[in-house]
Amino acid sequence: MIGKRKQRLQTLDRAAISLIAVLSVLLALLIWSGNACSGSDCLLHSGPRVRSFSWQDKSISADDRAFILTFSRPMDKANVENNLKIEPELPGKFSWVGRTMAYTLDKPAPYGTEYSLRLQGAREQFSDEESKGTLIQPFETTFTSRDRAFVYVGVEGEERGRLILFNLTLDQKTILTPKNLIVTDFKPYPNRAYISFSALDTRDEDPSVVEQQIYRVTTGFNPDAAGDLAEGSIDLVVDNDEYRNLSYDLAQDGETLVVQRINRADPADFSLWVKHGDDAIEPLNDLPSGDFLIAPDSTSVISSQGEGVAVFSLEPQDEPLDFLPKFGKVLDFSRDGTAAVMVDFNQNDPDKRYTQSLYFVNNQGSQEELINVPGTILDCEFNPPTTKLYCLLTELIQGEQFVEQPYLALIDLEADESAPIVKLPDYQDINMSLAPDGLGLLFDQVMLDPDPMAEGLLRTSSGNAIASSRIWLLLTTSVIPDQEAPPQLEELPMRGLRPQWLP
Amino acid sequence: MNQLYNSFTLFLSLLVEAVPFLILGVLLSSALLFLIDERQLIARLPRNPLLGSFVGGCVGFLFPVCECGNVPVARRLLVQGAPTSVAIAFLLAAPTINPIVIWSTWVAFQDVQVVLLRIAFSLAIATIIGCLFGFQKDPVPMLQPELANRVALLAKSQPQGKPSPQKEAVPALLQSGTFFLDQPGQPVRLDEAIAPVVGITPAQAKGRNTKLRLFVDNTVQEFRELGGMLILGSAIASIIQVFVPREVVLSLGQGPITSILAMMLLAAVVSICSTVDAFFVLAFATTFTTGSLLAFMVFGPMIDIKAIGLMLSIFKTRTIFYLFAIAAQLTILFTLSYSYFF
């Protein structure tokens, strides 16, 4: 019995010792092959490597401001920073947390570009400063920025009143909406997969501007590459059965719509309504509202209210969160939502009668007057880093009769100076749009129908029938143009209204 | 003084994060011990070494116990006549392959890869070693003589179905193992203290009150013992983090091999419970390689100093050496391959 046990014990011993021996050989082989290198060619690469890159195979937008590189080992930071090459160059800042490096761009990456990222020659961190860490396995990859694309309302022939998507990168035009819908306004979704638009249906008995309904159309851009999203598929989002829709705005979250509506039966019932996602639309409050804009945080709406602007939460309630009596209108918010530009109509200041002032207002409570114009402030847009403002203004020209002449101006917020860029003498009802990467400004030049009695559903805000419209592209530069460097203005080959860049 | 405050803050934060998992683990293990009839389970276990050790590794899902709780259970399995491969694989894998540990690893790392690799490596190592021990059909030669006698006796006299072994006439202090001195009169050996509870099956536990009392006793017992180990582990961890210069830790974290060795050594020394070790090791996540963190989480629950103490009550030194050496080699092999290839 004892002998038998001993025999069996030896079986376990033999098996265990053999396994230990085999594993030792395997380990030795593994360690050896990790160290058997000639130059940069190792049998097995034992050095550090890039484990993940957050923009891998991604099409980045202006909202993608930083990428993350995760390494398999702690790296020598300065060494990595010196050896990281992005082409074309994208200036930015480095920050580190352990084995993770973040690179934050100074400004959005220009659209329609393929970038290559290369990291080679970087070393891992070594606490002993004299010895050098192992070299990283070379890492090379590419990523792209979104195609440069904009949307406009066609004005001529078959395209009249229809929403048209033009992809500048691919030089490709797509008509998104059917012939029977005359588009009056539109707002692209932040993910650019959809465009929300308001339109009249020519099949209605009495198509008129006040009979618009709000729809949503797919663009064919598919940010998540999931599901089938062919362009031109249309859903009705808000109908006009009981209430007429006057104007609307789409929040940055792509979920919330705020619509200014008026009761068909009771014209005094005139207020803002809100619709979250697929929920039913509901009244926000029963206060009459003027122009309005949803804040970038998608939780509040700023609306002109009597002699001031009120801030409302997007949950139904009557009391505003805040009220700014000084201002009459909000024009734009900075990308992060911490600042806005507002217009003071100078009603209470006799010295500034018939002028308008533009104010920079931030969430710290500061209100700084930027310019005062003896005309009208029509629109303003921040550039992406919130260092400059592009504004559409008018000046009064005194002659036999007063004429308002529009012009585009650049306001440099850092240098605190402003200058006109280009005068637009024969323009009216201009719509402008600054590219999400800040590199180009689109605007339209409407041509009116000479026949004052002309019929048609495409009309300016003052009610004149539109015959045609040109689209212009102004390449924005970092400096204010002057005699030596005139503004680069280019007429685009298509005819259309309200050109607007896709985000 | 400031460092002392820092380490105390770290210590408390480790505890706050870890205690809910510990309570959950203790409650679940106490509850499940009543719900599962281990004799029926043993009767159904496969006898094939490979299959047996794989199943043994997965049995942890039914007994969500820490490395402190698995030794008594493995010992019970052996005594009840379970195949050696099953018992060994259970001993090695149960602390990792159980729902609480998998969940806490996920909560700590939020990284599917880490969770899956931890499971895969632990299960592979347990299966390989379980298989190896499966060659040994008769477990007696690798056990401590007293346990061997008991197994041999039980094998002869009662094939299955009787409650746990009777107390021997040997004075408790002459036996090896971990003892509680809190019971008046007689020191109680750890596995003996749990054994009556472990041995109870639903059929034997008569009346709801008895069941409840046993449940509460077991919960308090486990929580007291494991909670103590957790406090000690957290204290060591926070002291290391605050008082050992970062350069020293950093220099250990470099190189795929040294970092793995350093983490395995740390795992053995710190003896932190597997339900909470993911939170502990997370503190090193920014300076150490992922391979070495995995080494900590795979090797730590299998063998640490506290577990060796517990294991000496079952196995002979030589057997433990085999377990230790092969588990260490396999851990290095797997985690180093991961560092090289991924």
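View 1. Strands of a sheet pair through backbone hydrogen bonds, either parallel or antiparallel.

Residues are numbered from 1 along each chain as its sequence is written, while chains are lettered from A and ligands numbered from 1 in the order in which they are written. Because the model is predicted, local features need pLDDT of at least 70 and side-chain atom pairs count only at pLDDT 80 or more, whereas totals for chains, interfaces and linings use all residues.

View 2. Four strands with antiparallel pairing form an open sheet in the order E3-E5-E8-E7 (chain A). Strand E3 (50-53) and strand E7 (92-97) of chain A stand at its edges with a single partner strand each, so one side of each is left without a neighbour in the sheet. On average, neighbouring strands of this sheet are turned by 20 degrees against each other, direction ignored. E3(A) pairs with strand E5 (residues 66-71) of chain A in the antiparallel sense over three bridges, and the bridge partner of Phe53(A) in E5(A) is Leu69(A). In the loop between E6 and E7 of chain A lies Pro88(A), which is joined to Glu87(A) by a cis peptide bond with omega of about -10 degrees.

**View 3. A hairpin of chain A and the strand beside it.** Strand E23 (residues 300-304) and strand E24 (residues 309-313) of chain A pair in the antiparallel sense over five bridges. They form a hairpin with four residues between them, and Gly306(A) in the turn has a positive phi of about 60 degrees. Ala310(A) of E24(A) is the bridge partner of Ser303(A), and Ala310(A) also stands opposite Phe323(A) in E25(A). E24(A) is joined by three bridges to strand E25 (residues 322-324) of chain A, and these two strands run antiparallel.

**View 4. Two loop residues of chain A with positive phi.** Most residues other than glycine have a negative phi, and most peptide bonds are trans. Arg192(A), in the loop between strand E14 (181-188) and strand E15 (194-201) of chain A, has a positive phi near 55 degrees. Asp416(A), in the loop between strand E32 (403-412) and strand E33 (417-423) of chain A, likewise has a positive phi near 55 degrees. Is each of these residues buried or exposed? Arg192(A) counts as buried because it has 23 C-beta neighbours inside 10 Å, whereas Asp416(A) is exposed, with 9 other C-beta atoms within 10 Å; a residue is buried if 20 or more other C-beta atoms, placed from the backbone, lie within 10 Å of its own, exposed if 12 or fewer, and partly exposed in between.

**View 5. The surroundings of Ile411(A).** Ile411(A) is found in strand E32 of chain A and, with 22 C-beta neighbours inside 10 Å, counts as buried. Leaving aside its neighbours within four places in sequence, Ile411(A) is in contact with Leu370(A), Ile371(A), Lys388(A), Leu389(A), Cys391(A) and Ser418(A), where contact requires C-beta atoms, placed from the backbone, to lie within 7 Å. Lys388(A) and Ile411(A) are 23 residues apart in sequence, yet their C-alpha atoms are 5.6 Å apart in space.

**View 6. Helices of chain B.** Chain B has 16 helices and two strands, and 49% of its 342 residues count as buried. All 13 of the 13 residues of helix H14 (residues 290-302) of chain B are buried, so this helix is largely enclosed by the rest of the structure.

Conventions:
Two strands pair if DSSP finds at least two bridges between them. Axes are lines fitted to C-alpha atoms, for helices over the stretch in contact, and angles run from 0 to 180 degrees between N-to-C directions. Two residues are in contact if their C-beta atoms, placed from the backbone, lie within 7 Å.
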